[in-house]
Amino acid sequence: MSPMKQFYDLVVIGAGPAGSAAAIHGVAAGHDVLLLESGELGRDKTCGDGLTPRAIHELAKLGLAHTLTSHYANHGLKLHGYGGSVTAPWPDSAYGRVGSAMPRTRFDELLARTAAERGATLMTSATAHSPVVTDGRLTEFTVEERQIRAKWVIVADGVRSTFGKALGRKWHQGEVYGIAARSYVDSPRSTEPWMHSHVELRDAAGTLQPGYGWVFPLGDGRLNLGCGALSTTARPAKLNTKKLLTHYTDTLREEWGLGQPQAVASALLPMGGAVSNVAGENWLIIGDAAAGVNPLNGEGIDYGLEMADLAVNLLGSGDDLRSAWPALLREQYGEAFLLARTAARLLTYPKFLPAVGPLALRGPVGAALMPAAARLMANLVTDEDRDLMARLWRTGGHAVSLARRGSPLWS
Ligand SMILES: Cc1cc2nc3c(=O)[nH]c(=O)nc-3n(C[C@H](O)[C@H](O)[C@H](O)COP(=O)(O)OP(=O)(O)OC[C@H]3O[C@@H](n4cnc5c(N)ncnc54)[C@H](O)[C@@H]3O)c2cc1C
């Protein structure tokens with residue numbers, strides 16, 4: 001780590017996937033970059049650690065896809081519940097057909113180290129605070145009692161976004177958000193090349209919970225095992241995710257040869273762009289801080305990586321960030337996220353899943369429908385796709401966008 005200067009072209013706050021990717025893209029664009037991280041390298045982040053082909057596609061742009069997939073690769077999703085199981089291989093798309101998974105202690109360190117190796121100045125145990133904003137411009141802030149100034153600042157400080165909040169960022173929890181817990185569990189099946197999702201999630205009393213459980217093999221003797229639920233302020237998920245996780249683990253112990261859960265932790269997931277005030281004259285917010293999480297599968301790493309790329313490109317464009325950044329986010333993700341948010345909201349109605357689940361996961365209807373549904377859930381439809389499902393998805397996106405015009409969406 002090099003010593004910190006007082007002025008940089010670009011300061012990135014937070015070395016999670018979004019921030020480190022922004023630093024890597026920033027260096028590649030020729031900027032003098034400072035990457036700040038409150039924690040140490042190798043800090044943990046509560047996560048399922050799963051990476052879809054969309055994330056692998058983005059990691060390829062950073063030159064890191066092979067590092068991930070050579071360690072562990074998966075071919076798609078297996079969905080279970082309501083007496084049935086459906087296998088949904090990753091679809092053939094521009095994103096490729098390979099996913100992966102890596103514990104965040106390793107993954108985030110890999111990205112942050114890559115940023116430093118490519119030329120960013122990386123400071124760990126360094127918390128940015130006390131931003132001074134004059135006429136919408138972030139003129140300076142404090143790190144380790146030193147004042148830092150920058151031409152541009154990218155804020156990638158995660159779900160709590162303390163720095164973002166000080167800049168006026170607001171999270172709208174009336175829209176759907178996630179609560180989830182994860183653990184690491186030893187298993188002889190850790191190299192199995194499928195991600196598993198249990199959409200019929202019951203607590204110890206047998207009551208159906210509005211969420212799903214996951215088993216993501218990590219290829220290193222362990223599984224990331226977790227469960228989560230969708231919530232809104234109107235219909236808050238009333239569940240203890242850690243307790244539910246204990247029960248869920250017990251139900252899978254024999255099938256997966258599970259050891260005891262380690263490092264059990266829970267966290268919130270801001271979703272679907274339900275935040276406002278995401279940019280100022282010379283700063284913008286990305287990743288979880290900008291609610292860049294797909295409401296249908298809880299995937300946020302990929303959107304953080306994508307936003308990092310988009311943000312750095314925008315800095316060089318000369319556009320007014322205050323309007324250009326939210327407009328770009330809406331253009332890129334608006335329709336898909338609003339549609340996903342609307343579909344996810346349905347899942348918070350207690351009667352929805354028991355009615356639809358058996359149809360979706362059993363028999364010929366499920367076998368035909370669920371691979372397509374899994375493709376939509378993972379947002380693996382590109383603008384170039386011309387098949388019926390892609391066209392229906394886009395039409396649904398246009399319709400929901402019109403119907404929910406007033407909803408908070410990076411407004
Ligand atoms: C239980 C659970 C399971 C999940 N499963 C998956 C999954 O399987 N796949 C997936 O793609 N996504 C998953 N997600 C979502 C994913 O974890 C997040 O979307 C992702 O971590 C967002 O990355 P980020 O870089 O925006 O934020 P973070 O990873 O949270 O990084 C933010 C960083 O900023 C640092 N920071 C904060 N404030 C400051 C400051 N003031 N100064 C300096 N540094 C600061 C923090 O220390 C942190 O390192 C899951 C989330 C949860 C809660």
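Me: What is the volume of the second largest pocket?
Reply: In this predicted model, the second largest pocket has a volume of about 630 Å³.

Me: How many residues line it, and which lie nearest its centre?
Reply: The lining of the second largest pocket consists of 27 residues. R54, Y95, Q332, V381 and D383 are those nearest the centre.

Me: Which elements give two or more residues to that lining?
Reply: Those elements are α2 (53-61), α7 (301-315), α8 (321-347) and α11 (388-403). The largest share comes from α8, which supplies 8 residues.

Me: And how do the lining residues of this pocket divide into nonpolar, polar and charged?
Reply: The lining of the second largest pocket holds 11 charged residues, together with 8 nonpolar and 8 polar ones.

Me: Turning to α7, is this helix mostly covered or mostly uncovered?
Reply: Helix α7 is mostly covered, with 14 of its 15 residues buried. Here a residue is buried if its relative accessible area is under 20%.

Me: Which residues line the largest cavity?
Reply: Its lining is formed by A15, E37, E40, L41, G42, R43, D108, E109, A112 and T124. By class, 5 of the lining residues are charged, 3 are nonpolar and 2 are polar.

Me: What lines the second largest cavity?
Reply: The residues are L77, A88, P89, W90, P91, P371, A374 and R375. Two or more of the lining residues come from each of β5 (84-89) and α10 (363-377), and α10 gives the most, with 3 residues. The lining of the second largest cavity divides into 7 nonpolar residues, no polar ones and 1 charged.

Me: Finally, which residues does the "domain: FAD-binding" annotation cover?
Reply: According to the UniProt record, an unreviewed entry, the annotation covers residues 9-305. In the model, the end C-alpha atoms of residues 9-305 lie 20 Å apart, and the span is 23% helix and 34% strand.

Methods. Residues are numbered from 1 along each chain as its sequence is written. This is a predicted model: local features need pLDDT of at least 70, side-chain atom pairs count only at pLDDT 80 or more; totals for chains, interfaces and linings use all residues. Side-chain values use heavy atoms; hydrogens and water are left out. On a 1 Å grid over the protein atoms alone, a cavity is a set of points where a 1.4 Å probe fits but cannot get out, and a pocket is an open set with protein on both sides within 12 Å along at least five of seven lines; lining residues have an atom within 4 Å of a point. Grid points are joined across faces, edges and corners, and a volume is the space filled by probe spheres set on the points. Helices (H or I, at least four residues) and strands (E, at least two) are DSSP runs, numbered from the N terminus. Ala, Val, Leu, Ile, Met, Phe, Trp, Tyr, Cys and Pro count as nonpolar, Asp, Glu, Lys and Arg as charged, and the others, Gly among them, as polar. Buried means under 20% relative accessible area, exposed over 50%, partly exposed in between (1.4 Å probe, protein chains only). UniProt positions are given in the numbering used here, feature names are shortened, and annotations may be inferred rather than shown by experiment.
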